[in-house]
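Please load the model in your viewer and keep the selection panel at hand. The tour below moves from stop to stop, saying what to select and what is to be found there.

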Amino acid sequence: MQVLLASPRSFCAGVERAIETVERALDSSAEPVYVRKQIVHNVHVVADLERRGAIFVDELDEVPDGSVVVFSAHGVSPAVHAEAQRRGLRVIDATCPLVTKVHAEARRFAARGDTVILIGHAGHEEAEGTLGQAPGSTILVETAADVARIQVPDPRRVAYLTQTTLAVEETSQTIGALRARFPALAGPASDDICYATTNRQRALISTATNADVVLVVGSANSSNSRRLVEVAQQAGTPAHLIDDASGIDPAWLEGARVVAVTAGASAPPRLVDEVVDRLRRFGPVEAEERPVTAENVRFALPRQVRPARGVRSAGEVRGS
Ligand code: SF4
């Protein structure tokens, strides 16, 4: 069996930063460290941090007044920040800087009087946080078909933004539908789909077209992992989302000579190694990296957990 490893895959800079933020908060705090929502959408990451002592909660009312709380990589609305302040919580904000950028765009467009159309998935935490930046001026659309249904006060004052983890091709169709309906449509310099999402989709398309089946390592609530499955399927190759090697169904591999493997931005790299090891149980495996680009993006840690000058962080050591 030939195994094509799509590259880039697995952790992005925003996920590495968020995980390291929780690790450093745990290392430096004698008190409990609470994390609002899953720090990133991956069951293994959450279980690992739980084992180290992190306490995951859904909402701030589960956090005692005055405690340390980390906000997840997906970002929160200003209302959540305000509640944390009112309760005297000591917030460490692990929101990915690329999500923070979208938040700033939402406030800027709304402040100048635009209706903001957010292309995203209803109920996803990132979409919730962005909608909350200008709740009275923002409308969510999920697909190009939704565009015909929306009502805006002034069709000449409309701007769009996108969730960072969408399918590139599908999103450009939705933006096209918005532009057709609102010719004066404003937007960011380029869409907000982040470099990590774009690179993982590009890498997978180039490998999936040469494979009989695709395995995507990632959790069911991970938006970018689910988009990878869709992108492979649209390329014409059957694709399956698995949390880890134990999720492989041998029936998927019957007759498959070439298997493409990738992982969403929130899935740890070791899980991909374990998948390749598991594939060896089905016969000899020849694994091959298929890079389409190299990533060297790094984000500074939140101020509260940033190492003192001259001291290298765990992530910098890992990445060197
Ligand atoms: Fe940030 Fe993109 Fe990673 Fe999300 S997927 S954490 S936006 S770099």
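In which loop does Lys-37 lie? The model is a predicted one, and in it Lys-37 is found in the loop that runs between strand 2 (33-36) and helix 2 (43-51). With this residue selected, look at its backbone: phi is positive, about 70°, although Lys-37 is not a glycine. Lys-37 counts as buried because its relative accessible area is 17%, and the cut-off for that class is under 20%.

Next, select the loop between strand 1 (2-7) and helix 1, where Pro-8 lies. The peptide bond that joins Ser-7 and Pro-8 is cis, with omega about 5°. Ser-10 has its place in the loop between strand 1 and helix 1 as well, and its phi, near 65°, is a positive value in a residue other than glycine. Ser-10 is also buried, at 3% relative accessibility.

The surrounding residues are Cys-12, Gly-14, Val-15, Cys-96, Leu-98, Thr-164, Cys-194 and Tyr-195. Sorted by class, this shell has 6 nonpolar and 2 polar residues, and no charged ones. A disulfide is a covalent bond between the sulfur atoms of two cysteines. If a disulfide is taken as a pair of cysteine sulfur atoms within 2.5 Å, the count for this model comes to 0.

The structure holds 1 cavity of 30 Å³ or more, and the space that the ligand takes is the largest cavity. About 280 Å³ of space lies within the largest cavity.

Which residues of the lining lie nearest the centre of the largest cavity? They are Cys-12, Val-15, His-74, Thr-164 and Thr-165, out of a lining of 23 residues. By class, the lining of the largest cavity divides into 11 nonpolar, 11 polar and 1 charged.

As a last stop, colour the helices that contribute to this lining. Helix 1 (13-28), helix 4 (97-111), helix 7 (195-208) and helix 8 (223-234) each supply at least two residues of the lining of the largest cavity. The largest share, 3 residues, comes from helix 7.

Key. Residues are numbered from 1 along each chain as its sequence is written. This is a predicted model: local features need pLDDT of at least 70, side-chain atom pairs count only at pLDDT 80 or more; totals for chains, interfaces and linings use all residues. Side-chain values use heavy atoms; hydrogens and water are left out. A residue is near a molecule or strand if one of its heavy atoms lies within 4 Å of it. On a 1 Å grid over the protein atoms alone, a cavity is a set of points where a 1.4 Å probe fits but cannot get out, and a pocket is an open set with protein on both sides within 12 Å along at least five of seven lines; lining residues have an atom within 4 Å of a point. A molecule sits in a cavity or pocket if more than half of its atoms lie within 2 Å of its grid points. Ala, Val, Leu, Ile, Met, Phe, Trp, Tyr, Cys and Pro count as nonpolar, Asp, Glu, Lys and Arg as charged, and the others, Gly among them, as polar. Grid points are joined across faces, edges and corners, and a volume is the space filled by probe spheres set on the points. Helices (H or I, at least four residues) and strands (E, at least two) are DSSP runs, numbered from the N terminus. Buried means under 20% relative accessible area, exposed over 50%, partly exposed in between (1.4 Å probe, protein chains only).
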